[in-house]
Structures are given as structure tokens and as C-alpha cells.
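Dear colleague,

Here is the structure that I promised to pass on to you. Please have it open beside this message while you read.

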Amino acid sequence: MKAIRGLLDRVGKPFHKGGKLEKFYPAYEAIDTFLFTPGDVAKGKTHVRDGIDLKRMMIVVVWALIPCVLMAFYNSGLQGIEAMEAGDGGVSSVGGWRDSIMSALGLTYDSSSLLSCFVYGGLFFVPAYIVTMSVGGTWEAIFSTIRGHEINEGFLVTGLLFPLTLPPTMPLWQVALGISFGVVIGKEVFGGTGKNFLNPALTARAFLYFAYPAQITGGLSVWAAADGATGATALGAGAEGGMAAIEAQNITLWDSFLGFIPGSMGETSVLACLFGAAFLIMAGIGSWRVMVGVIVGSVAFSGLLNWVGSETNPMFEMNPLWHLCSGGLAFGLVFMATDPVSAAMTNTGRWAYGILIGFMTILVRVINPAFPEGIMLAILFGNVFAPVFDFIVVKANIKRRMLRSVKG
């Protein structure tokens, strides 16, 4: 490591202030701080609560996402191979470059093979991840170079979150277009990391959701590689025919909890999200108040609607437990709603923010079955109101302290 440190120091001289490559310092700094802790030392009477910086915090979030990434590999492959098997009773070749790689590795399309499912799913997730990091990272570098500041590490998380929210069959050019919109319009136009009021990954997905709904919603339930094979998500089936339609798809609550169901690549497993939630809470990065608030809001409202019932809307039949284990609710409340930049900052505000997101998720899912998944829109809606909640809490605290001061 000393040799690498010395090499970076020698190579980095032209990139520092006054050097010939000064404009490209953000690119050098990104590589330097990715490998080593920043060498800058604070002087004077500083107040430091802990030694964690933005880079370390983002890396912790990336580690928390690992269980979801592993599920994205395995379940994407499992669903794809099962769709092919359902289409023609068993398949050994689908053609294309993925088939070439599977053949080169000596793997067959067998849903009972853990390795086959894992590799085949990776052949869908990895290209989407590479495109996301390449295109989004380029936009980050461009804006950092123009503004003359370092490349922020927040994109490490955004670049991993975004492909996890997409269906496996999403065209790569749409992946590139979506992340471009999320980074540029959702973050950079507001000043970059720390100044955006919307979650960039969700902004990117929302753009694709409304610009290319057929690819987003269709890719969640039907694999193009399968001839005649169909399969709906639990929410999609529920919106069409209630719990009877979900049972007809052979979707069980246990499968939904574990994540072995059709859906976005990294959002299906509640269990994987629980591991991530525990990791973020123990690290002090994810707010448990926001997470619990989302659960309270969604459980309370879905329970109320389920109790009221409806003769015309089959989504009223879905009980709170099914809502928690279906779609991207668990993934959203753990990794999206807790975004420290776009979420509420005060403890009381976090409760209100989380409850609002939970309420809005069920409102979109149940009252408007044309949008069977509501967590994405609910979080973006909550992002807009987060500053309002914090403002109200801060003003109330000031008023309370002023009254206490007058009485004293």
C-alpha cells in the first residue's frame, strides 16, 4: 500500500492547484480517496463526533445492499429460467451472448441449479450496473470538473440502487437515459450531493416509469425469452382479481417474504431488506424512526381499507401483511426513504415523514389500481414534504423554548 500511496503522490502533482492538469483534479481525487482516507487534517478547535466521512458512510450503505444484490442475481436467473421452462417444458438454449457465456461455463438452463440461476441472473444485472455506473459516473465527473470540486461518493449508492429497482429485461439504452435524468435533473441541477431534495435513484426510475411504462411494468412480469410464459407480480395480480388472482399465480406469502417471485431485480426479498435494515440501524446511518413510521402508516391504512372492504376494487382484499411483503415496499422504506439528504432531519419530522410515505404507498396501491406499486411515488412525495415537517418541528421547538425563557 505504501508503494501505491507513493505512486499516487508522484502522479498527482500536476493535478493539484497550479498544475497543468488542475481542471481534472476531481478525477484524481476520486481515485485517491477511493483507495485511501483523505489526508487533510483539521486544525484549531474542531468538534468531531466520529471519524466517518461521506465516503465511509456510502460504503456502509453499499455493504448493506449486498444481500439484495445477491438476491438480484439468483432470483432474476430463477424467474427467467422458470419462465423458459414453462414456455416449452425445458430449454437448453435461448441464443444470444448470454447463451454463449452459459455454454462456455458449462451451465444449462436448470432452475434447480443454484449456480445456473445465479450466473444467468448476473448476466442481466451486471450489464445494467455497468451502464449505470459508466453513464452516471460520467455525468458526475463532468459536473465536478465544471464546478471545480471533488467527485462525491453519493453516486456509489445511487449507482447500485437504481439497477436494483429495474426489471431484468430493461433495455440498456433506457437504463442509460434513466440514470442520466436522475443524476442531472434529480441532483446536479440543484448543486450536487447534499443539495438535492429528491432521491436521484427514484427520480431516475420515476422518469422511466412514465416515459417507458411498457418496459418497466411489462418487464416485471413477463420474460421476453420465454415463449408464451406469463407471470404477474403479486401487486399486479391483486389489482386484477384480488387474493384469488394471487393464489392463481401460485404466489405464497412465504415466497414473497423470501423474494422468490417476479419483480424488480433487487426489491423482491423482504428478508434481504431486513438484513440491510439491521446493518444500517446498527451503523447509525439509517433512521429507524423513518422505517417504523413507514410500516405504521402502511399497516394502519391498509388495515383500515381491508376492514372497510369494497365490492368493486379487489385491492381492498389485500391485508397489511401482504402489502409489507409485496412489491418494493420493504426495499423502499429501508434504502430509499432513509436517504439522509432527501429525508426529514428532525426526529419528530422523521416520524411524520415515514407515516406519510406509508399512507401514500397504500393510497396509490389500493385506491388507484392502475398504479399497482406505490412506494416510489410515495417516497418522492415525502421528499417534497420533508423540509416542511422539519420547519414545523424547528418552529415549535423555538416557540416552546421562548415560552420557557419567559416563564423563567
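Residues are numbered from 1 along each chain as its sequence is written, and side-chain values use heavy atoms, with hydrogens and water left out.

The mean pLDDT (the predictor's confidence in each residue, from 0 to 100) is 83 for the chain, and 80% of the residues score at least 70. The pLDDT is below 50 over residues 89–93, a stretch that has nine contacts (heavy atoms within 4.5 Å) beyond near neighbours in sequence. It is also below 50 over residues 222–230, where the model has 20 such contacts. Where pLDDT is low, the predicted coordinates should not be read in detail.

Helix α5 (residues 114–147) packs on helix α7 (residues 172–184) with the axes 9 Å apart and at an angle of about 35°; axes are lines fitted to C-alpha atoms, for helices over the stretch in contact, and angles run from 0 to 180 degrees between N-to-C directions. Residues in this contact include Trp139 and Phe143 of α5 and Ile179 and Val183 of α7. By class, the contact has 12 nonpolar (Ala, Val, Leu, Ile, Met, Phe, Trp, Tyr, Cys and Pro), three polar (the others, Gly among them) and one charged (Asp, Glu, Lys and Arg) residues.

The axes of helix α6 (residues 154–164) and helix α8 (residues 200–211) come within 8 Å and cross at roughly 35°. Thr158, Leu161 and Phe162 of α6 meet Pro200, Ala201, Ala204, Arg205 and Leu208 of α8, a set of six nonpolar, one polar and one charged.

There are two cavities of 30 Å³ or more, a cavity being a set of points on a 1 Å grid over the protein atoms alone where a 1.4 Å probe fits but cannot get out, with lining residues having an atom within 4 Å of a point. The largest cavity holds about 60 Å³ of space, the volume being that filled by probe spheres set on the points, which are joined across faces, edges and corners. Arg205 is among the residues that line the largest cavity, as are Glu267 and Glu373. Helix α17 (375–407) gives the most to this lining, with three residues.

Best regards

Terms used: Helix = DSSP H or I, 4+ residues; strand = E, 2+ residues; numbered from the N terminus. 1 Å grid on protein atoms, 1.4 Å probe; cavity = no way out; pocket = protein on both sides within 12 Å on 5 of 7 lines; lining within 4 Å.
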